[in-house]
Amino acid sequence: MPNLESLIHLCFVLALPVMGVIAMGMGIKTFTLGTQAHQEECKEKIKASTSPDTSTHEAYYLGFFHLYPNVGGGGERVLWTMIKAIQDKYPFMVCVLYSGDSLSRDSILQNVQAKFGLTIRPETIYVVELTNRWWVDYKFPRLTLLMQSLGSLAVASQAIHRFCPDVFIDTVGFAFTYPLIHLLSTRIPVVAYTHYPAISSDMQTMVSSREAGFNNEAIARSALMSKLKSMYYRVFALAYSFAGSFASTIMTNSSWTQNHIVQLFGKPQMTKVVYPPCDTLVLAEFPLVGRQPLVMSLAQFRPEKNHRLQIEAFAHLLKAHPEFVMPASERPLDPETLLANCRDGSGIRYPVLVMIGGARNIEDEARAEELRQMAARLGIDRQVLVIVNAPWSQILEWLRFGKVGMHTMRDEHFGINIVEMMAAGLLTVAHDSAGPKLDIIVPAIRGAGDVPTDEECLQFPVGFVATTAEQFAESIAIALGASEKLAEGVQRAARTAASAKFSEDAFRTAFYRSFGPVVRWLDNQRSADDND
């Protein structure tokens, strides 16, 4: 039987790891926050630069962890529409923006006005500039997901060191930062707006099946390397799930994202769908008549957008419908001439696939050129246009005259370009998966057997969904040959859905519903502190 001295020694040995973890946690907390005097100094700087309305409520300080506030994409529209909604309903709140952009507050707000048409009042905005964003910008050659996620901890640590807010709001999806916030203080609620999960069961399945979309060629060819990567993804998913469980309130941009986040974070009651706001006002003013046989595609030239499937589908369309093939005697038209013919009423006799997208770098430019070469190999290049980095004014013209829209990305988490095409009056066909399937093109036409007759057109579908090149070609053929009653019915139903379901007002209503409990929790905490 062990004596007392042995028991004391055993307890001491067992306590050492626990004491080490506690000491490490205290060290991280001290290093991140700094001294109380340092945090008070940071807060005084913010108070001196902002003027919230505290006539009826004391000020709350919200920290927005959004490292690219000046980019001008869909994520930034969500960020600034959220901030505008907070300014309108909660004038006592100060929005502290953790930014990796070296721009002043006034410059950022001017760009927001120009890009999104949102007027943000500067008196409740403060920008904390971060200098270590490279941790998440750097393209790590190995273990990219893990390294960038760990890098986000370093960036968040600098952000909190420069100011610790009352609420931490992550609008880019860096879930690994949530446990850090919880370690610093259990009184800081973490609010997350997740555009897509960093890892999903779909990604893990694709890696296990050795699909090239989530593996480079070397890994896809090797059974051993694919298995190792699959194990890495499983371990990362466990870590991501653990980190995400520290979020207090979770908003997702689609049902598909919500399903995966609930599965990963395990907080179904705290997770709500808040569709991103889409600017459909200008697009919804386009007339529904006078459309030309233009098959439009709007998507950045990134691999996951799967533009190759669009080329294949269009080739199938021309093969199945010889009447759509431009005769060799006809001279193909350049983009400017095509648009000019649309404007002056000359019209277009044969379908043309117009692929418009942004190129972020030389790799995207190369993908666009590969699409042109693919069209030439298939003998359809005379009826395919690939346009890179077109200005928005030109994109609006194409959407004004186009008849069909096509989007082929599999598991698109939302699909803002799909909403834009629907609002513009295009008969849109998208991939039968994720956001388009569950949220946007609902109800949908799935093939020729699903097309309603004129007599059945009481509750119109809003578009088409497809999976294979043949199915996309069939849907495009139906759209191009649709009766006037069917086409107008689908157009009007799609425009109504796009303008109502995904509007700024709909976003604000859903956001208030999710954010309201956070405000009430803060009020209760302050009230309890006052009573103490």
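## A pair within helix α14

In this predicted model, Arg367 and Asp364 sit together in helix α14 (residues 362-377), 3 residues apart, which is about one turn of the helix. Asp364 is buried, with a relative accessible area of 0%, while Arg367 counts as partly exposed at 26% relative accessibility.

Side chains of opposite charge can pair when their charged atoms come close.

## Pairs that link separate parts

The count of salt bridges comes to 16. One of them joins Arg133 to Asp101, with 2.8 Å between the closest N and O atoms. Arg133 is in the loop between β3 (125-129) and α5 (134-137), and Asp101 is in the loop between β2 (93-99) and α4 (105-116), so this pair ties together parts that are 32 residues apart in sequence. Arg133 has 17% relative accessibility and counts as buried; Asp101, at 13%, counts as buried too.

Another salt bridge brings together the side chains of Lys305 and Glu412 (2.7 Å, N to O). Here the pair links distant parts of the chain, 107 residues apart: Lys305 is in the loop between β8 (294-298) and α12 (307-320), and Glu412 in the loop between β11 and α16. Both Lys305 and Glu412 are buried.

Thr408 belongs to the loop between β11 (404-407) and α16 (416-424). Is Thr408 buried or exposed? With 1% relative accessibility, Thr408 counts as buried.

A polar atom of the Thr408 side chain lies 2.8 Å from the backbone oxygen of Asn306, and the backbone oxygen of Lys305 is 3.2 Å from a polar atom of that side chain. Beyond its neighbours within four places in sequence, Thr408 has contacts including His307, His431 and Phe472.

Notes
Residues are numbered from 1 along each chain as its sequence is written. This is a predicted model: local features need pLDDT of at least 70, side-chain atom pairs count only at pLDDT 80 or more; totals for chains, interfaces and linings use all residues. Side-chain values use heavy atoms; hydrogens and water are left out. Helices (H or I, at least four residues) and strands (E, at least two) are DSSP runs, numbered from the N terminus. Buried means under 20% relative accessible area, exposed over 50%, partly exposed in between (1.4 Å probe, protein chains only). A polar contact is a pair of N or O atoms within 3.5 Å; within protein, one must be able to donate a hydrogen and the other to accept it, and residues adjacent in sequence count only if both atoms are side-chain atoms. Contact means heavy atoms within 4.5 Å. A salt bridge is a side-chain nitrogen of Lys or Arg within 4 Å of a carboxyl oxygen of Asp or Glu.
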